[in-house]
Amino acid sequence: MTLILEHISKTRGQGRHAVQALRDVSLSLAAGELVLLEGPSGSGKTTLLSVAAGLLLADSGTVELAGRRLDAMDPGERRAWRGRKVGFVFQRANLLEGLSVHDNVLVAAAIAGVAPRAALAEADRLLAELGIAELADRMPAGLSGGEEHRVAVARALVHRPALLLADEPTASLDWHSGRQVAEAMTTLARQEDVAVLVASHDPRLGPFASRVIGLADGLLTPEPA
Amino acid sequence: MRRAVRSRIVRTAIAVSGVTVSALLVLVLVAGYRGVTAGVESYVGQDRIDLWVSPPGTDNLIRSSGLLPASLACGLARIAGVAAADPMLRGFVSVSSATQPRAMTLLAVGCRLPDGLGVPPRLAAGSLPARPGEVTLDRAAAHRLGVRVGDSVTVNLKRFRVAGLSSGTNLLATQFIFLDGPSAEQATGVFNRASFIGVKLAADADPAAVRRRILETYEDVQVFDRAEWVRNNANEVAAGFRPLLVLITAVGTVSAAVLVALLVQAVVDDRRQDIAVLLALGAPLSVVARSVVIHSASLVAGGACLGGALTLALAALLRATTPLLELAPRVTDLLWVLAAFGLAGLLVTLAPLLRLRRIDPAEAFRP
């Protein structure tokens with residue numbers, strides 16, 4: 001298994017504002033599997049993604065990513081492990097606006113410690129497969145929403161991670177662009193044997209998922225909430 | 001990584017311009033100070049005079065009190081190792097011209113002309129006075145008086161013909177005017193007295209030995225070698241200048257530092273989402289912080305170097321267009337300004353850097 005979450009609980013905020021974001025959540029993902037995590041806003045989807053990536057520490061429970069326990073690592077080790085083993089696609093793509101498309105992809109490889117020559121080759125390959133090779137020298141400001149998200153997918157996969165986490169990757173895209181991004185993400189992830197956890201309530205993603213699970217009030221349900 | 005945390009181009013340009021102007025302000029002031037000290041040093045440091053003999057209590061030319069008998073020069077000339085000794089009378093005189101009737105105060109030096117020891121270090125135009133009734137004055141003073149070689153000036157109500165213009169004799173606050181001994185006596189009303197006596201040593205003479213012999217022969221005098229005399233005069237000039245110099249340098253440095261701090265703060269605020277993304281992707285905070293520091297350091301260095309280049313250009317422009325202000329920029333001053341600005345920039349970057357620590361990588365998920 002690429003990702004194993006066991007009995008994860010997490011409270012966000014303090015005092016009167018404390019919210020139980022995750023309650024005894026257990027979940028596992030295998031390589032090449034795409035799990036769609038559905039749930040309304042505030043259900044704990046983003047918290048679950050953050051815990052899975054090691055960005056947040058659970059109050060209780062264990063997280064195992066690519067064979068290592070994240071909760072047992074020191075912060076520096078966890079950061080480095082995340083850099084090598086996790087790829088992200090955010091809701092707004094979140095490309096670095098000061099960097100070209102090509103450099104946006106390369107930055108993730110550099111952080112993961114991929115050798116520059118190998119990173120260049122991989123970035124070029126991914127941009128070509130995603131049909132955006134001709135945009136390599138463009139700046140993010142000159143891209144459409146769909147193009148931005150395809151660059152984000154390339155960035156998420158350039159360092160060959162074990163786990164791809166996507167948070168509402170199609171929410172801000174039109175029907176056609178959203179479908180294109182979903183297709184590209186799933187095809188590439190399966191091709192690269194990457195486990196994918198997508199948090200979304202976009203019905204367009206349903207057909208691409210191996211499994212659909214629901215999250216409501218921090219509780220995992222086997223069916224969509 | 002560095003390019004990812006760079007500030008926006010317009011903000012960068014504004015910040016660099018601010019640092020440039022601050023550096024220019026400080027460097028021009030320092031270069032002006034260097035120009036003044038160069039002015040006094042070029043006169044009192046000229047190699048015609050090896051020893052300066054002065055009355056007790058006088059250790060520089062700018063401010064002197066007390067007088068020596070002019071005839072002392074004859075006695076000094078007889079001391080072993082002395083090749084020549086010339087009396088010099090200095091005093092402030094009021095000078096005006098036909099085009100500038102409002103008098104200005106110049107530092108008059110009365111000496112043996114045209115081949116005495118106290119003549120100006122360099123001539124910019126004309127010649128040294130060859131006969132009574134002629135003067136040579138600093139070219140900046142001539143510019144202010146609106147006179148050229150051959151014109152007339154009035155020195156303490158007596159008319160003189162301008163025989164030449166000197167350079168290296170501008171102290172900014174005042175300038176030198178050179179008269180022959182009798183004219184200087186008439187202008188100052190002091191007769192048969194000298195403010196200093198310049199001593200030229202024989203080629204093989206030991207300055208320390210001659211100095212000792214002078215002090216053994218004449219009790220009520222002081223004797224300074226050239227280096228000491230130059231140092232005393234430079235200190236005298238600096239005494240008035242230095243507090244202002246320090247104040248302006250401090251203000252300039254602080255203003256540059258504040259600009260850099262504002263910019264770095266803006267970088268951290270503007271790029272908060274980008275920084276969160278970098279941290280989420282696994283970039284170490286220390287690497288992001290280093291990129292921010294390098295960015296701010298390059299702004300400071302760029303601004304300070306641009307300020308240095310503009311100072312050099314301004315000095316060249318002033319040299320070509322007006323003798324009133326002589327800037328003498330030095331590379332060492334630029335390095336000092338660079339170091340001071342860099343240190344201040346680094347200190348003020350600390351606050352925005354601490355803010356970096358508060359950026360949660362999970363912010364990358366925020367829509």
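This is a predicted model: local features need pLDDT of at least 70, side-chain atom pairs count only at pLDDT 80 or more; totals for chains, interfaces and linings use all residues.
How many bridges join strand 1 of chain B to strand 11 of chain B, and in which sense do the two strands run?

Strand 1 of chain B, which covers residues 51-54, is joined to strand 11 of chain B by three bridges, and the two run antiparallel. Within this pairing, Trp52(B) stands opposite Gly198(B), a residue of strand 11.

Strand 11 of chain B also pairs with strand 3 (residues 82-97) of chain B, again in the antiparallel sense, through six bridges; here Ala84(B) has Lys200(B) of strand 11 as its bridge partner. Strand 11 itself spans residues 196-201 of chain B and is mostly covered, with five of its six residues buried.

## Extent of the interface

Where chain B meets chain A, the contact draws on 21 residues from chain B and 23 residues from chain A. The area buried between the two chains is about 2100 Å², and carbon and sulfur atoms give 63% of this area.

## Polar and charged links

Between chain B and chain A the count is one salt bridge, in which the side chains of Arg271(B) and Glu97(A) meet at 3.1 Å, taken from N to O. Six residue pairs are found in polar contact across the interface, with both residues of each pair at pLDDT 80 or more. On the side of chain B that touches chain A, the residues divide into 14 nonpolar, five charged and two polar.

How values were computed:
Residues are numbered from 1 along each chain as its sequence is written. Chains are lettered from A and ligands numbered from 1 in the order in which they are written. Side-chain values use heavy atoms; hydrogens and water are left out. Contact means heavy atoms within 4.5 Å. Buried area is the accessible area (1.4 Å probe) that two parts lose on being put together, summed over both. A salt bridge is a side-chain nitrogen of Lys or Arg within 4 Å of a carboxyl oxygen of Asp or Glu. A polar contact is a pair of N or O atoms within 3.5 Å; within protein, one must be able to donate a hydrogen and the other to accept it, and residues adjacent in sequence count only if both atoms are side-chain atoms. Ala, Val, Leu, Ile, Met, Phe, Trp, Tyr, Cys and Pro count as nonpolar, Asp, Glu, Lys and Arg as charged, and the others, Gly among them, as polar. Buried means under 20% relative accessible area, exposed over 50%, partly exposed in between (1.4 Å probe, protein chains only). Helices (H or I, at least four residues) and strands (E, at least two) are DSSP runs, numbered from the N terminus. Two strands pair if DSSP finds at least two bridges between them.
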